[in-house]
Amino acid sequence: MKGSWRERPTGSWFSRLWRPWVSLHPFRGRGRRINEPKPVGIRDLMASPEEVHARPERRWMVIGGFFVILFVALIVRLFFLQVVDYRSSVAAVQLNSLRKTTIPATRGEIFDREGRPLVSNVTTTEIRLSREEAILHPTIKGALSSLTGLSVAKINSDLDNKQYDPYQPAPIMSNASAQVVEFIKLHPSEFPGVSVLDASTRSYPNGGDVASQVLGYVGPITQQEINENPHDGYQTDSTIGKTGIEEYYEQYLRGKDGTSTLEVNSTGNVLTTVKTTEPTVGDSVVLNIDTPLEKALTGYLSSEIIADRHSVDPVSHKVPEAINGAALVLDPSNGDVLAMASYPSYNLNSFVNGLSNAEFHQLIEEGAFNNYAIQGLYTPGSTFKLVTATAELQSGILSPYKYVDDTGTFTVPGCFKAAKHSLCVFHDDDNEAAGPVDLPEALTVSSDYYFYNLGYLFWNSQSLYGQTPIQNVAADYGLSQTTNVDLPDEAQGRVDSPEVRKELHAEAPTAFPDVSWYTGDNIEMAFGQGTTAVSPIEMANAYATFANGGTRYAPEVAAAVVNAHGKVVIRYQPRVLGHVSLPASVRDPILQGLTGVIDDPSGTGYLPFKANIHFSLSSFPIAGKTGTASNAPGLEPNSWFVGFGPTTHPQYVVLCVIDEGGYGADASAPVVAKTFNYLVAHPVPALKLSAALTTPTNGSKAAGTTTTTTTTTTTTTTIKKSS
């Protein structure tokens, strides 16, 4: 039948699909029944090879295109690595194979004015352990523990210390004994990864207890210090000056570290040393301090404070606490600091031999690390009368030889208690009347009444002299600012005034509730009370300014910086910070009164000097002033004494202050008297620098700024001095 399935071509897909079913079905000639299943085999579903057109070229095109894309990507990547990112690629490769380690430089030394070492270095033997070898040979820790006496826990702690470079062996023992070192060298196979090397540490030829706060100490650097000095090359295992001269002149003393370039493998093990740059020894600092004088002053101060703590104040009948104290010797002709002592103190060897956390915090609580000569602030009391007397004579508000009747009690004219903080009646310290006194005698006997009257006169003559004539003179003497001494963390004093009251109230309203300024406040300020507080070095510098005729110098602890070859890198010259107008009409009456303090039987310093000096005041005349500054009720007063001499050509200013030490004549005056006793017998020698110096560049330590100094006398790098 035309068009039926029987007549379709034999080779068609339809015939191949249905032929097996038709040939097997019993009714193939009669047509297909409804819902009858159709059996299908696997061969019926696949075309024969003859019926499929082969296209191998398409497959090769796909595969080839894929590899072409990979090849192009590789070329592009290589281009960027070798051309565009060449530098960073090389750095990355080197970083994976090379490591730089630091070779610490030996610190410069610190000398006194005659070249005697105050701080030097000692070479000790240090034992170090490789971290990798400790991992590969765990028993090495036990062997080292048995040999050195160190616990395994301590060794593990040193190995884990992040302070040390991970690519250098970790130090586990310093100052190793000769027996330990010899045993390690004789049995190297038993101590794999253990190395023995020389290390430099600080040493103190004078025992470590001389000028501790001035010299300062060194210690491991902190991350904060590294962050604060990002361009100075410090590493996590660096040592840095923490206090005193060690901190202030750190950039000179530290030297320049060397480097060692190591080749390491992929696991971090060291293969070989590629390159080594030797370190440069730090420059040394020569101080103006005289070591024998420093020892004597320290002894006088500490002995007097200890004795004061076991004595009874004859006025208050209390035993003074004598909490702390300071003493200074300055050269008024140039500002040189010849000696500086502070109590309580500490031994610098503690930081070499090891100081536990408990011991460290105990010293902090005692205040042993404070340099009270520059950081202590004390109410000055009658030592401030130098300022008020200068203001009196500069202004002419009162003639120096006009007598004022000291009745022992000063009542402010027309005063009434307008406010709870106002004062109307002031008493002399001993409530005894001195009678008629002029300025020289008022200074000699320390008449409070005389200076009460000056404070009153100035406040009631504001139209002529302004509101702060006394404070202005105090600023000329440097009492309301830092002295710019070359030591870190100097405290700034303040002189009471209406403006200071407002500032203090804004900072601490509870402690300073009163912002008003009354006549009584001006009177208190005129004799060194109220909220006035100054540091010992400020007061010593004020008297040095008066002693030399009116030139205020910055105190200088350091005299010069010299290199490792003894050549001067920097020679520091005197720094003039200001002037006080002291013509003879101003200076002579004040000097007369200050001289009477010591050589007049009525002078407040007469008895302690008579009891302690062993020289004639006629051959070495001294002027000075006591100070007994009131503290809070119930507390002993601050004890002050400051003197200078010889008055004909002042060479020394000596000051002592003891916090809650009692009367100035009882506690501080003996320290000053004994110091002058020493100075007369042992004059301070002239400064001695290296004889090898050529033509050094003079340095100037500018007030509050960083000094850049260059030199042509040495090939060592000159570093900026931080102030």
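This is a predicted model: local features need pLDDT of at least 70, side-chain atom pairs count only at pLDDT 80 or more; totals for chains, interfaces and linings use all residues.

Trainee: What makes Asp112 count as buried?

Mentor: Buried means under 20% relative accessible area, exposed means over 50%, and partly exposed is in between (1.4 Å probe, protein chains only). Asp112 has 0% relative accessibility, so buried is the label. Arg116, with a relative accessible area of 29%, is therefore partly exposed.

Trainee: Which other residue forms a salt bridge with Arg116?

Mentor: Asp290, with the closest N and O atoms 3.0 Å apart. That pair links distant parts of the chain, 174 residues apart: Arg116 is in the loop between β2 (110-111) and β3 (117-129), and Asp290 in the loop between β10 (284-287) and α12. Asp290 has a relative accessible area of 3%, so it is buried.

Trainee: Why do you say that Arg501 and Asp521 tie parts together?

Mentor: Arg501 forms a salt bridge with Asp521, the closest N and O atoms being 3.4 Å apart. Arg501 sits in helix α21 (residues 498-507) and Asp521 in helix α22 (residues 519-526), so parts 20 residues apart in sequence are tied together. Both Arg501 and Asp521 are buried. Elsewhere, salt bridges with shared partners join Asp112, Glu114, Arg116, Asp290 and Lys688 into one network. The search of the whole structure finds 14 salt bridges.

Trainee: What about Phe512, and where is its place?

Mentor: In the loop between α21 and α22. Its relative accessible area is 24%, so Phe512 is partly exposed. Phe512 and Arg501 are 11 residues apart in sequence and 7.5 Å apart in space, C-alpha to C-alpha. Leaving aside neighbours within four places in sequence, Phe512 is in contact (heavy atoms within 4.5 Å) with Arg494, Leu504, His505 and Thr531.

Trainee: Now the sheet. In what order do its five strands come?

Mentor: The order is β12-β11-β23-β22-β21, an open sheet with antiparallel pairing. Helices (H or I, at least four residues) and strands (E, at least two) are DSSP runs, numbered from the N terminus.

Trainee: What makes β12 and β21 edge strands?

Mentor: β12 (337-343) and β21 (623-629) each pair on one side only. Two strands pair if DSSP finds at least two bridges between them.

Trainee: How do you know that β11 and β23 pair?

Mentor: Six bridges join β11 (residues 325-330) to β23 (residues 652-658), and at least two are needed, so the two strands pair. Ala326 stands opposite Val657 in β23. Likewise, β21 and β22 pair over seven bridges, in the antiparallel sense, with Val642 in β22 the bridge partner of Lys625. Seven bridges also join β22 to β23, and a hairpin through six residues connects these two strands.

Trainee: What makes β22 mostly covered?

Mentor: Eight of its eight residues are buried. Asn638, Trp640, Val642 and Phe644 point one way, while Ser639, Phe641, Gly643 and Gly645 point the other way.

Trainee: Which strands does helix α12 lie across?

Mentor: Helix α12 (residues 291-308) lies across β11, β12 and β23, running at about 30° to β12. Axes are lines fitted to C-alpha atoms, for helices over the stretch in contact, and angles run from 0 to 180 degrees between N-to-C directions. Helix α23 (residues 536-547) packs on the sheet too, and its direction makes about 150° with that of β23.

Technical notes. Residues are numbered from 1 along each chain as its sequence is written. Side-chain values use heavy atoms; hydrogens and water are left out. A salt bridge is a side-chain nitrogen of Lys or Arg within 4 Å of a carboxyl oxygen of Asp or Glu.
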